[in-house]
Amino acid sequence: MNYLVHLYLSGDDPELQLGGMMGDFVKGPIPAGYSEKIRLGLMLHRRIDSFSQTSRHCRNSRRRLHPRFGHVRSVMVDVFYDHFLAMEWSGYHSRPLEIFAEDFYRVLVACEALLPDRLARIAPRMIEHNWLVAYREKAAVERALRGLASRLSRPTPLAEGLEELHRHEEGLVNDFRGFMEEAQEFSGKLLDCER
């Protein structure tokens, strides 16, 4: 669910980024039909997801959120971290977020035939509404949480999660910064080993 974080941690290679974006949509064994770099991007996405589950920074963020949110606290943290990365983008990347997003949207369009069905369905909305840049706005965070809540099979209070962002923002931002420092090192080492 944290699209921007996964794209950023995939580096600047378009195929690695595409694999990083596809990670939430490709389940089970990684299909052999994808290019080596897309497969690497998918693998990196899965490793980052596992890493975030054990990261003390992500754990701290989940603990900050009210227990009534239960298992969707992980989803909330993912969305909040995308918001923080969009807000602090210039501290992480030399290219403006608007240009980074436009470049990736072009990759999505050019590789439409490779996209898993669910990603192919949402990609036009992602591009039209410029989700990656829109994450700077709390209104976009709220829309994302509401959208995710509507797709879950069981009712959860996820749609009300923006209150938690307001309530715990300072601590969550500090957790995010600590996580990003570790995640950059983690993903960098993984990519170096696989190349």
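Is Trp 89 buried or exposed? Trp 89 is buried, with a relative accessible area of 1%; buried means under 20% relative accessible area, exposed over 50%, and partly exposed in between (1.4 Å probe, protein chains only). The model is predicted: local features need pLDDT of at least 70, side-chain atom pairs count only at pLDDT 80 or more, and totals for chains, interfaces and linings use all residues. Residues are numbered from 1 along each chain as its sequence is written, and side-chain values use heavy atoms, with hydrogens and water left out.

**Aromatic pairs**

- The whole structure contains 12 aromatic pairs; rings of Phe, Tyr and Trp (its six-membered ring) pair if their centres lie within 6.5 Å, with planes under 30 degrees apart counted as stacked, over 60 as edge-to-face and the rest as tilted.
- Trp 89 and Phe 100 form a tilted pair, at 4.7 Å centre to centre and 55 degrees between the planes.
- This pair links distant parts of the chain, 11 residues apart: Trp 89 lies in the loop between helix 5 and helix 6 (97–110), and Phe 100 in helix 6. Helices are DSSP runs (H or I, at least four residues), numbered from the N terminus.
- Phe 100 is buried, with a relative accessible area of 1%.
- Tyr 92 and Phe 176 form an edge-to-face pair, at 5.9 Å centre to centre and 65 degrees between the planes.
- Here 84 residues separate the partners, with Tyr 92 in the loop between helix 5 and helix 6 and Phe 176 in helix 10 (residues 162–194).
- Both Tyr 92 and Phe 176 are buried.
- One aromatic cluster includes Trp 89, Phe 100, Tyr 92 and Phe 176, and also Tyr 8 and Phe 179.

**His 93**

- His 93 is placed in the loop between helix 5 and helix 6 and is buried, with a relative accessible area of 12%.
- The side chains of His 93 and Asp 12 are joined by a polar contact of 3.0 Å (a pair of N or O atoms within 3.5 Å; within protein, one must be able to donate a hydrogen and the other to accept it, and residues adjacent in sequence count only if both atoms are side-chain atoms).
- The His 93 side chain also reaches the backbone nitrogen of Arg 95 at 3.1 Å.

**Cavity lining**

- Residues lining the largest cavity include Tyr 81 and Phe 179; lining residues have an atom within 4 Å of a cavity point, on a 1 Å grid where a 1.4 Å probe fits but cannot get out.
- Helix 5 supplies the largest share of this lining, 4 residues.

Technical notes:
1 Å grid on protein atoms, 1.4 Å probe; cavity = no way out; pocket = protein on both sides within 12 Å on 5 of 7 lines; lining within 4 Å. Helix = DSSP H or I, 4+ residues; strand = E, 2+ residues; numbered from the N terminus.
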